[in-house]
Amino acid sequence: PPPPPFLSPGSSPCPKAILLEVLRGRKNITSLNLHKNLLGPKASKTVVELLASLASVKRVDLGENRFGCQGCEAIAPFLETNTSIEYFDLSMNGAMLVLPQKTVDSKGLRAIADALKENKTLKYLIHSDNDIDPDIGRWIDERIRVNRAIKHDGTHFTKYLDSLFPEKDEGHEKGKYVFAKY
């Protein structure tokens with residue numbers, strides 16, 4: 001077979017790309033932590049291909065990878081159909097931004113929210129610190145309520161919840177809300 005594109009003649013291999021290629025198709029991987037690798041929006045498709053090849057993976061941490069709106073759009077169809085992942089962390093990815101321009105766009109998070117209606121395996125979704133607009137927070141909350149499989153949405157919809165509860169509510173300090181089991 002031909003070498004992967006990152007090993008083509010005249011190019012220097014990217015360590016992250018090599019790692020992704022080495023992991024691809026492994027049958028015994030149950031947890032994948034790629035947190036804080038700053039992979040960027042272009043890498044999200046490669047990460048989705050990798051995840052699709054890992055049939056046993058149950059826990060995935062993709063936090064702080066700067067996937068942006070485009071990355072969320074690439075991940076959403078995978079989340080909709082995946083039947084093994086129970087924990088998925090997409091926190092601190094600039095999900096409301098089109099990168100590198102940094103223009104605000106909610107398409108990616110809306111796609112993730114729509115995917116949540118269908119995925120019956122996912123139990124925990126973390127996407128805190130993505131500066132989620134209050135309207136998008138409501139949109140996601142509605143989708144999570146439809147999907148009874150999600151036991152805990154570990155997000156901190158700070159802007160959204162602060163708009164609903166301007167002061168303290170039930171002992172929670174402002175900006176420190178976590179949704180519990182529905």
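Modeller: Buried residues make up 43% of the 182 residues in this predicted protein model. The secondary structure comes to 6 helices and 7 strands. From the N terminus on, the elements run α-β-α-β-α-β-β-β-α-β-α-β-α. Take the contacts with a separation of 6 or more: residues 24 or more positions apart account for 75% of them.

Now the pocket. The largest pocket has a volume of about 220 Å³. Its lining includes Met92, Asn93, Gly94, Ala95, Met96 and Leu97. Leu99 and Val104 line the pocket too. So do Asp129, Asn130 and Asp131. Arg66 is also one of the lining residues. By class, the lining has 6 nonpolar, 3 polar and 3 charged residues.

Most residues other than glycine have a negative phi. Arg66 counts as exposed because its relative accessibility is 52%, and exposed means over 50%.

Next, Leu99. Most peptide bonds are trans. Pro100 lies in the loop between strand 4 (97-98) and strand 5 (103-104). Lys102 has its place in the loop between strand 4 and strand 5 as well. Lys102 has a positive phi of about 65°, again without being a glycine. With a relative accessible area of 60%, Lys102 is exposed.

Helix 4 (residues 107-118) has 12 residues. From its first C-alpha to its last, helix 4 reaches 18 Å, close to the 16 Å expected at 1.5 Å a residue. Its buried residues are Gly108, Leu109, Ile112, Ala113, Ala115 and Leu116. They cover an arc of only 160° around the axis, which puts them on the same side of helix 4. What covers these buried residues includes helix 3 (68-81), strand 6 (124-126) and helix 5 (134-146).

Helix 5 has 13 residues. It reaches 19 Å from first C-alpha to last, close to the 18 Å expected at 1.5 Å a residue. Buried in helix 5 are Ile136, Gly137, Ile140, Asp141, Arg143 and Ile144. Seen down the axis, they fall within an arc of 165°, so they line one face of helix 5.

One more residue deserves a look. His35 is found in the loop between strand 1 (31-33) and helix 2 (44-53). His35 counts as partly exposed, at 27% relative accessibility. The C-alpha atoms of His35 and Leu62 are separated by 5.0 Å, although the two residues are 27 apart along the chain. Set aside the neighbours within four places in sequence. His35 is then in contact with Asp61, Gly63, Glu64 and Asn65, and also with Asp89 and Ser91.

Conventions. Residues numbered from 1 in each chain as written. Predicted model: local features only at pLDDT ≥ 70, side-chain atom pairs only at ≥ 80, totals over all residues. Heavy atoms only, no water. 1 Å grid on protein atoms, 1.4 Å probe; cavity = no way out; pocket = protein on both sides within 12 Å on 5 of 7 lines; lining within 4 Å. Points joined across faces, edges and corners; volume = space filled by probe spheres on them. Nonpolar A, V, L, I, M, F, W, Y, C, P; charged D, E, K, R; others polar. Helix = DSSP H or I, 4+ residues; strand = E, 2+ residues; numbered from the N terminus. Expected span 1.5 Å × (residues − 1). Buried < 20%, exposed > 50% of the residue type's maximum accessible area, 1.4 Å probe, protein only. Arc of directions from axis to C-beta. Contact = heavy atoms within 4.5 Å.
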